[in-house]
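Try each task before you read its solution.

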Amino acid sequence: MTGPLLKLEHLEVRYGDLIGVSDVSLEVPAGSVVALLGSNGGGKTTTLNAIAGLIPVHSGTISFNGEEVQISSPADARALGIATVYQDLALCDNLDVVANLWLGRELVTSGGLDEVEMEQRTWTLLRELSAKIPSVRIPVAGLSGGQRQTVAIARSLIGDPRVVILDEPTAALGVAQTAEVLNLIERLRERGHGVILISHNMADVLAVADRVVVLRLGRNNGVFNAVEVTSETLVAAITGASGGARRAAAAPPPPPEAKITRLPSARPRRIDPPSAGGR
Ligand SMILES: Nc1ncnc2c1ncn2[C@@H]1O[C@H](COP(=O)(O)OP(=O)(O)OP(=O)(O)O)[C@@H](O)[C@H]1O
Ligand SMILES: [Mg+2]
């Protein structure tokens, strides 16, 4: 498949008579990170909710793997291969890492839960993600914010989704933990997932995104190549402050091929945490 994994075209979503988003279009190629940036009320969560099947689409289309799809429930989204990590993470604090990862999808043998297999697969996944989790047999209540985010992201990968949506994954994190999560997002891209990163944080977005989609007042206000765009341009698009933003909004989005060529190996961007503090 050469087209984007996920494509939204002119999406309109309403809350009763109120318009949540009026015209949102975006494309998420495999192996890329697309950031959704915008100020409060811009429409980020509404867009996420529509993709995740939490709220119906009023008009416009969602296509997955080149085919138009109806996503009427979270189960529909999961079945297509779209996983969402919500800001509250929804982890069970009293359960350990393995139990949280496999909750509701436990592996069983004839004798009951296959704890050994689940633990081995958990370690394999965490190693693939270069995750720094000291033990998978401690309750997640004892983990740091960054580690909890890691567990939530790892859990979202259990069903082998193609697209992973992360809602403000660094909002509650310190500097070192943020760096860990940004590295994790790069691992997701390396694994070939299409990642949607919802964020308020321009530095995070510029550190990991390939493409930045700015939403303002429920509609697109520019699609930018994250390698080339400056934070000034993004601020202008977010706030609608300048003619520059309007010009950028009018410019055609970069072709998907141009984005896919930007592999981590072409531009290593390891985000190293500072040597002290942050935990
Ligand atoms: N449950 C709701 N009922 C009615 N209107 C809503 C609801 N949720 C969001 N809206 C409206 O939809 C628009 C988009 O809001 P949304 O929450 O998607 O923005 P956002 O970009 O996620 O903002 P934030 O950065 O504050 O999280 C806003 O005008 C908002 O008031
Ligand atoms: Mg929101």
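**Exercise 1.** Decide how enclosed strand β12 (residues 219-225) is.

Solution. Take the cut-offs: a residue is buried if 20 or more other C-beta atoms, placed from the backbone, lie within 10 Å of its own, exposed if 12 or fewer, and partly exposed in between. Six of the seven residues of β12 are buried, so the strand is largely enclosed by the rest of the structure. Strands (E, at least two residues) and helices (H or I, at least four) are DSSP runs, numbered from the N terminus.

Before going on, note the source. This is a predicted model: local features need pLDDT of at least 70, side-chain atom pairs count only at pLDDT 80 or more, and totals for chains, interfaces and linings use all residues. Residues are numbered from 1 along each chain as its sequence is written, while chains are lettered from A and ligands numbered from 1 in the order in which they are written.

**Exercise 2.** Describe how β11 and β12 pair.

Solution. Strands pair if DSSP finds at least two bridges between them. Strand β11 (residues 211-216) and β12 have five, in the antiparallel sense. Arg-216 has Arg-219 in β12 as its bridge partner. Two residues lie between the strands of this hairpin, and Leu-217 takes a positive phi near 50°.
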